[in-house]
Amino acid sequence: MLAPMGRIAILSDVHGNAEAFKAVLEDIKQRGINTIINIGDLIGYGPEPEQCIDLAMEFCDVSLFGNHEYAVLNGAQGFNPVAEAAVNFVRKRLKPPDTTNEDMLRRWSFLESLLPSLHAHAGFSAMHGSPRHFIMEYVLPSDPEGDPLKIDSIFDAMLRPIAFVGHTHFPGVIEESGTRFLTMESLEGRYKLSPKRNAIINVGSVGQPRDRDIRACYAEFDGEGVYFRRVEYDVDTTVRKIYELDGLHESLGHRLLEGC
Ligand SMILES: [Fe+2]
């Protein structure tokens, strides 16, 4: 059993989708959850990076680096062409051209302040990628079956019983010594912690779900278990905004309509 704590919302991969982010923040508020941890990729792909940064600065207690923040600050490396163009789009929009625009400077300073890529608590840790490589490594749903040595190595790297991750945009759980990825559906939206088994919990994506469910996703953690929360939002508005922008590939809108 973990140390007592309040209820926490852990969210990831907002990806510039302000409509989804606002709906999730409202859901969190309605549930009376006071602490919000954002584990990265607030920007990239979506049409409204500025608004998402502003919302994170106002409402998230912790914000961590994702690979998209890293790429916007340092240049895209190893991205596919659509993702690289999206990084360049955000970089152009956010990078301060001069020092007179205070809003732009404030947002850029926020990005630079995200350098911590790990949030550690008595009972859990949280990072964008994996407990082994906090920002870049994917812990894939296929790994327990396809690459069990990788999963063993990742669990060996864990210093706390629970690790919350994002990055794949696919919510679910991998238990230590488990042979398969436990999807959100198979868990019926709720995972109860086992005192005997460490676990990696993927909180899914707020702004670009890839598990064929187009609703925004986040996780609520109460110290004993995790609830995967799905929130409907105005997908059509986000898609329209993507289509209207020159710098974003239209496939980034299509995938929001398909959830993959
Ligand atoms: Fe992402």
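These legends walk through a predicted model, one close-up at a time. Residues are numbered from 1 along each chain as its sequence is written. In this predicted model, local features need pLDDT of at least 70 and side-chain atom pairs count only at pLDDT 80 or more, while totals for chains, interfaces and linings use all residues.

**View 1. The whole protein chain, to get your bearings.** The protein chain has nine helices and 12 strands; these are DSSP runs numbered from the N terminus, helices being H or I with at least four residues and strands E with at least two. Its radius of gyration is 17 Å, close to the 18 Å that the globule rule gives for 260 residues, so the protein chain is as compact as a globular protein of that length. (That radius is taken over C-alpha atoms, and the rule is 2.2 Å times the number of residues to the power 0.38.) Along its principal axes, the C-alpha trace spans about 55 × 35 × 35 Å. Of the 260 residues, 45% count as buried. Buried here means that 20 or more other C-beta atoms lie within 10 Å of a residue's own, exposed means 12 or fewer, and partly exposed is in between, with C-beta atoms placed from the backbone.

View 2. Two strands pair if DSSP finds at least two bridges between them. Look for strand 5 (residues 124-126) beside strand 6 (residues 162-165): they pair in the parallel sense over three bridges. Ala126 stands opposite Phe164 in strand 6.

**View 3. The largest nonpolar core and Tyr218.** This core has 70 residues, and Ile10, Phe164, Ile201 and Tyr218 have the most contacts inside it. Helix 1 (residues 18-30) gives the largest share, six residues. A nonpolar core is a set of buried Ala, Val, Leu, Ile, Met, Phe, Trp, Tyr and Cys residues joined through C-beta atoms within 7 Å. Leaving aside residues up to four places away in sequence, Tyr218 touches Ala9, Ile10, Leu11, Val24, Val203, Gly204, Val206 and Arg229; contact means C-beta atoms, placed from the backbone, within 7 Å.

View 4. Ala86, Val87, Phe89 and Val90 are buried in helix 4. They cover an arc of only 160° around the axis, which puts them on the same side of helix 4; the arc is that of the directions from the helix axis to the C-beta atoms. On the other side, Pro81 and Lys92 are exposed. The buried residues of helix 4 pack against helix 2 (49-59), helix 3 (67-74) and helix 9 (251-258).

Methods. Contact = placed C-beta atoms within 7 Å.
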